[in-house]
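Work through the exercises below with the sequence and the 3D view side by side, and try each task before you read its solution.

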Amino acid sequence: MKILVINGPNLNFLGIREKGIYGEKSYEDLLSMIRKKGEDMGAEVICFQSNHEGAIIDRLQEAYFEKVDGIVINPGAYTHYSYAIHDALKALSMTKVEVHISDVDAREAFRHVSVTLPACDHQIKGHGLSGYLEAMDYIAAKNQG
Ligand code: DQA
(Lines give C-alpha, C1' and ligand atoms only; values in the text may rest on other atoms or scores of the structure.)
Protein backbone atom coordinates (compact mmCIF):
# COMPACT_ATOMS: atom_id res chain seq x y z
CA MET A 1 0.00 0.00 0.00
CA LYS A 2 1.22 3.48 -0.88
CA ILE A 3 0.05 6.53 1.08
CA LEU A 4 0.75 10.15 0.17
CA VAL A 5 0.66 12.69 3.01
CA ILE A 6 0.32 16.31 1.91
CA ASN A 7 0.68 19.29 4.21
CA GLY A 8 -0.20 22.75 3.03
CA PRO A 9 0.89 26.25 4.00
CA ASN A 10 2.50 27.00 7.38
CA LEU A 11 2.49 23.37 8.50
CA ASN A 12 6.28 23.36 8.12
CA PHE A 13 6.13 25.89 11.01
CA LEU A 14 4.72 23.39 13.52
CA GLY A 15 6.42 23.94 16.88
CA ILE A 16 7.00 27.59 15.96
CA ARG A 17 3.50 28.89 15.10
CA GLU A 18 0.70 29.27 17.66
CA LYS A 19 1.94 26.52 19.99
CA GLY A 20 -1.17 26.86 22.15
CA ILE A 21 -3.21 25.65 19.17
CA TYR A 22 -0.87 23.38 17.20
CA GLY A 23 1.42 22.13 19.99
CA GLU A 24 5.15 22.05 20.64
CA LYS A 25 6.10 19.32 18.17
CA SER A 26 7.89 20.30 14.96
CA TYR A 27 7.12 19.33 11.37
CA GLU A 28 10.13 16.96 11.55
CA ASP A 29 8.55 15.33 14.63
CA LEU A 30 5.32 14.89 12.65
CA LEU A 31 7.25 13.29 9.77
CA SER A 32 8.94 10.86 12.20
CA MET A 33 5.56 9.83 13.62
CA ILE A 34 4.12 9.31 10.12
CA ARG A 35 7.16 7.35 8.90
CA LYS A 36 7.11 5.09 11.99
CA LYS A 37 3.40 4.46 11.49
CA GLY A 38 4.05 3.59 7.84
CA GLU A 39 6.72 1.07 8.88
CA ASP A 40 4.41 -0.49 11.49
CA MET A 41 1.67 -0.81 8.87
CA GLY A 42 4.02 -2.09 6.19
CA ALA A 43 3.01 0.81 3.98
CA GLU A 44 5.13 3.00 1.73
CA VAL A 45 4.63 6.62 2.81
CA ILE A 46 5.48 9.70 0.76
CA CYS A 47 5.42 13.05 2.57
CA PHE A 48 5.11 16.42 0.82
CA GLN A 49 4.72 19.95 2.14
CA SER A 50 4.28 23.19 0.26
CA ASN A 51 3.20 26.73 0.99
CA HIS A 52 2.03 27.08 -2.64
CA GLU A 53 -1.38 26.16 -4.00
CA GLY A 54 -0.12 25.21 -7.47
CA ALA A 55 2.61 22.96 -6.05
CA ILE A 56 -0.01 21.08 -4.01
CA ILE A 57 -2.14 20.64 -7.13
CA ASP A 58 0.88 19.42 -9.14
CA ARG A 59 1.63 16.88 -6.38
CA LEU A 60 -1.97 15.66 -6.32
CA GLN A 61 -1.91 15.17 -10.09
CA GLU A 62 1.35 13.18 -9.83
CA ALA A 63 -0.42 10.85 -7.36
CA TYR A 64 -2.71 9.74 -10.21
CA PHE A 65 0.25 8.44 -12.24
CA GLU A 66 2.04 6.94 -9.20
CA LYS A 67 -0.94 4.74 -8.33
CA VAL A 68 -1.17 5.94 -4.75
CA ASP A 69 -3.71 3.98 -2.65
CA GLY A 70 -4.68 6.79 -0.33
CA ILE A 71 -4.06 10.46 0.40
CA VAL A 72 -3.93 12.21 3.75
CA ILE A 73 -4.18 15.97 3.24
CA ASN A 74 -4.06 18.92 5.58
CA PRO A 75 -4.58 21.80 3.16
CA GLY A 76 -4.04 24.41 5.94
CA ALA A 77 -5.88 27.65 5.23
CA TYR A 78 -6.49 26.54 1.62
CA THR A 79 -9.13 24.27 3.16
CA HIS A 80 -11.39 27.25 3.51
CA TYR A 81 -11.24 28.70 0.00
CA SER A 82 -9.26 26.69 -2.57
CA TYR A 83 -11.69 25.42 -5.18
CA ALA A 84 -8.60 24.56 -7.25
CA ILE A 85 -7.45 22.05 -4.62
CA HIS A 86 -11.05 20.79 -4.34
CA ASP A 87 -11.06 20.14 -8.10
CA ALA A 88 -7.65 18.43 -8.02
CA LEU A 89 -8.86 16.10 -5.23
CA LYS A 90 -12.13 15.45 -7.03
CA ALA A 91 -10.22 14.10 -10.04
CA LEU A 92 -8.67 11.33 -7.90
CA SER A 93 -10.58 8.17 -7.00
CA MET A 94 -8.41 6.71 -4.19
CA THR A 95 -9.36 7.15 -0.51
CA LYS A 96 -8.75 10.75 0.61
CA VAL A 97 -8.80 11.92 4.23
CA GLU A 98 -8.72 15.57 5.27
CA VAL A 99 -6.92 16.20 8.57
CA HIS A 100 -6.89 19.26 10.81
CA ILE A 101 -4.70 19.34 13.89
CA SER A 102 -6.99 21.84 15.61
CA ASP A 103 -10.75 21.68 16.05
CA VAL A 104 -11.60 24.09 13.24
CA ASP A 105 -15.27 24.23 14.29
CA ALA A 106 -14.32 25.68 17.67
CA ARG A 107 -12.30 28.51 16.09
CA GLU A 108 -13.03 31.58 13.90
CA ALA A 109 -16.10 31.39 11.63
CA PHE A 110 -14.01 31.34 8.44
CA ARG A 111 -12.52 28.00 9.58
CA HIS A 112 -15.94 26.35 9.87
CA VAL A 113 -16.20 26.01 6.10
CA SER A 114 -14.18 23.41 4.20
CA VAL A 115 -14.42 23.60 0.42
CA THR A 116 -12.03 20.64 0.10
CA LEU A 117 -13.96 18.21 2.33
CA PRO A 118 -16.68 17.46 -0.26
CA ALA A 119 -13.90 16.03 -2.46
CA CYS A 120 -12.64 13.78 0.36
CA ASP A 121 -14.04 10.60 1.93
CA HIS A 122 -13.51 11.49 5.55
CA GLN A 123 -12.35 14.27 7.89
CA ILE A 124 -10.45 14.10 11.19
CA LYS A 125 -10.18 17.35 13.17
CA GLY A 126 -9.02 18.38 16.61
CA HIS A 127 -7.06 15.21 17.40
CA GLY A 128 -3.67 16.90 17.23
CA LEU A 129 -0.87 15.18 15.32
CA SER A 130 -2.46 11.77 16.03
CA GLY A 131 -5.11 12.70 13.47
CA TYR A 132 -2.62 11.92 10.68
CA LEU A 133 -2.07 8.41 12.07
CA GLU A 134 -5.81 7.84 12.40
CA ALA A 135 -6.18 8.91 8.78
CA MET A 136 -3.58 6.31 7.74
CA ASP A 137 -5.56 3.63 9.63
CA TYR A 138 -8.74 4.78 7.85
CA ILE A 139 -7.03 4.39 4.46
CA ALA A 140 -5.69 0.93 5.40
CA ALA A 141 -9.17 -0.21 6.49
CA LYS A 142 -10.73 1.07 3.24
CA ASN A 143 -8.10 -0.72 1.18
CA GLN A 144 -8.73 -4.00 2.98
CA GLY A 145 -12.49 -3.94 2.80
C1 DQA B 1 -5.37 23.69 10.11
C2 DQA B 1 -6.55 24.61 10.37
C3 DQA B 1 -6.60 25.72 9.35
O4 DQA B 1 -7.71 26.59 9.60
C5 DQA B 1 -5.31 26.55 9.43
O6 DQA B 1 -5.33 27.55 8.44
C7 DQA B 1 -4.10 25.72 9.34
C8 DQA B 1 -4.05 24.44 10.04
C9 DQA B 1 -5.22 22.60 11.20
O10 DQA B 1 -4.47 21.67 10.98
O11 DQA B 1 -5.84 22.70 12.27
O12 DQA B 1 -3.08 26.14 8.78
O13 DQA B 1 -5.58 23.01 8.88
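**Exercise 1. A residue in a strand**

Decide whether Q123 is buried or exposed, and find where Q123 sits in the chain.

Solution. With a relative accessible area of 19%, Q123 is buried, since buried means under 20% relative accessible area, exposed over 50%, and partly exposed in between, with a 1.4 Å probe and protein chains only. Next, Q123 belongs to strand 5, residues 122–125, where strands (E, at least two residues) and helices (H or I, at least four) are DSSP runs numbered from the N terminus. Finally, Q123 and E98 are 25 residues apart in sequence, yet their C-alpha atoms are 4.7 Å apart in space.

Before going on, note that this is a predicted model, in which local features need pLDDT of at least 70 and side-chain atom pairs count only at pLDDT 80 or more, while totals for chains, interfaces and linings use all residues. Residues are numbered from 1 along each chain as its sequence is written, and side-chain values use heavy atoms, with hydrogens and water left out.

**Exercise 2. A residue in a loop**

Find where T116 lies, and state its relative accessibility.

Solution. T116 is placed in the loop between strand 4 (95–100) and strand 5. Its relative accessibility is 0%, so T116 counts as buried. Although T116 and Y78 are 38 residues apart in sequence, they are 8.2 Å apart in space, C-alpha to C-alpha.

**Exercise 3. The surroundings of the ligand**

List the residues around the ligand, and say which side chains have a polar atom at a stated distance from a ligand oxygen.

Solution. Counting a residue as near if one of its heavy atoms lies within 4 Å, the residues around the ligand are R17, Y22, N74, G76, A77, H80, H100, I101, S102, V104 and R111. This shell divides into four nonpolar, five polar and two charged residues, where Ala, Val, Leu, Ile, Met, Phe, Trp, Tyr, Cys and Pro count as nonpolar, Asp, Glu, Lys and Arg as charged, and the others, Gly among them, as polar. For the distances to a ligand oxygen atom, a polar side-chain atom of N74 lies 2.8 Å away, one of H80 lies 2.7 Å away, and an N or O atom in the side chain of S102 lies 2.6 Å away. The protein covers 98% of the 320 Å² of accessible area that the ligand has on its own, with areas taken from the Shrake-Rupley method and a 1.4 Å probe.

**Exercise 4. The faces of a helix**

Which residues of helix 4 are buried, and which are exposed?

Solution. In helix 4 (residues 83–90), the buried residues are I85, H86, A88 and L89. Seen down the axis, these buried residues fall within an arc of 165°, so they line one face of helix 4; the arc is that of the directions from the helix axis to the C-beta atoms. On the other side of helix 4, the exposed residues are Y83, D87 and K90.

**Exercise 5. Positive phi values**

What is the phi of N10, and what is the phi of E18?

Solution. Most residues other than glycine have a negative phi. N10, however, has a positive phi near 75°, and E18 has a positive phi near 25°. N10 is found in the loop between strand 1 (2–7) and helix 1 (19–22), and E18 also lies in the loop between strand 1 and helix 1. N10 is partly exposed at 39% relative accessibility, and E18 is partly exposed at 42%.

Technical notes
A polar contact is a pair of N or O atoms within 3.5 Å; within protein, one must be able to donate a hydrogen and the other to accept it, and residues adjacent in sequence count only if both atoms are side-chain atoms.
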